[in-house]
Amino acid sequence: MGAVTIRDVRKHYGSVEVLHGVSIDIADGEFVILVGPSGCGKSTLLRMIAGLEDITGGEIEIGGQVVNDLAPKDRDIAMVFQSYALYPHMTVEENMGFSLKLARVNKETIRARVANAAEVLGLQPYLERYPRHLSGGQRQRVAMGRAIVRSPQVFLFDEPLSNLDAKLRVQMRGEIKMNHRRLSTTTVYVTHDQIEAMTMADRIVVMRSGYVEQIGSPLDLYDTPANLFVAGFIGSPAMNILDGSIAGTTFTTPDGIDIPLKADAIPAHHGPVKLGIRPEHLRLDPKGLNAEVMVVEPTGSETQVAFRLGDQELVGIFRERIATSPGNMMGISIASDQVHLFDPETGKRLTR
């Protein structure tokens, strides 16, 4: 069983604490992504699971066994790094089977495992090639194949797609997810790209400054962010956040713009709040709020428009082809059943 349990894990570098009591339960066969901005501690945590960083406090279990004091080679994990780290003088087949060779596995077993991994990853035509003869995506597949042949309890991925161009990243995201479905191996994946996290994960762990901000399915985090940080980090473009206050069933901005709210969406809170609204929940409405167009970005399937509403800025995404230009005024409305309200002091989500 490849379940991973992280209990109150801490990491210090001298007097500096970079992980502050992180606890995460990862089920056997689950695909979990650690996401957050640079410096949030996600790669440090992954390296602690791998045994490449010492654990200052807490426990990490893999398959029910505490691994704090186990060497990386004894943890039954396989890691894929951002750099492919392939041996240039070895063929694809030799690169994929090298760890098994070091472990003194017999040649027939190595050949069978490499052939199986090559079939899964579509690498059969390239087994006799050297890394210099491969594209970036093919090299990353070889690095993945090297991990697959070990048949570990847990796969660890540390930003494996960062070196690829945008089109290839999309392709590789799909391949990694399909391979996970085939192999059903527990996977812990680190990225700073929230689109990767949203499209690939069974569950996402959002981290900031060494703390876990929220854990949940991609749509849970998108639809019900626990705080302002998650609301702003998950989603592209980010959620719009407006300053204001609630009185009755009306949200009012500091410059006097009133936005009606549904009564059942209003928490037991009156006074200053921050209102969040996703860009796709703005509506074009000639009778709505008068907003100044700042930027128009047509992408073909949709149009992204940046507005100024009073003294605040917000972004809308529309399916319509919009004939407008910066400086024009447009009427917009906010879907009152899609608003999110947050405490301006703590940043926490306000619920009724």
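Mentor: One definition to begin with: a charge sits over a ring if NZ of Lys or CZ of Arg is within 6 Å of the ring centre and within 35 degrees of the ring normal. Keep in mind that this is a predicted model.

Trainee: How far from the ring centre of tyrosine 130 does arginine 132 lie?
Mentor: The cut-off is within 6 Å of the ring centre. Arginine 132 lies over the face of tyrosine 130, and its distance from the ring centre is 4.9 Å.

Trainee: Which ring does the charged end of arginine 278 sit over?
Mentor: Here the distance to the ring centre is 3.9 Å. The ring under the charged end of arginine 278 belongs to tyrosine 222.

Trainee: Now the ring pairs: how many aromatic pairs are there in the whole structure?
Mentor: Rings pair if their centres lie within 6.5 Å. A search of the whole structure gives a count of six.

Trainee: Is the pair of phenylalanine 31 and tyrosine 189 stacked, edge-to-face or tilted?
Mentor: Their centres are 5.9 Å apart. Planes under 30 degrees apart count as stacked and over 60 as edge-to-face. The planes here are at 35 degrees, so the pair is tilted.

Trainee: How many residues apart are phenylalanine 31 and tyrosine 189?
Mentor: Phenylalanine 31 is in strand β3 and tyrosine 189 in strand β8. The pair links distant parts of the chain, with a separation of 158 residues.

Trainee: Is tyrosine 189 buried or exposed?
Mentor: Buried means under 20% relative accessible area. Tyrosine 189 has 0%, so this residue is buried.

Technical notes: Residues numbered from 1 in each chain as written. Predicted model: local features only at pLDDT ≥ 70, side-chain atom pairs only at ≥ 80, totals over all residues. Heavy atoms only, no water. Helix = DSSP H or I, 4+ residues; strand = E, 2+ residues; numbered from the N terminus. Buried < 20%, exposed > 50% of the residue type's maximum accessible area, 1.4 Å probe, protein only.
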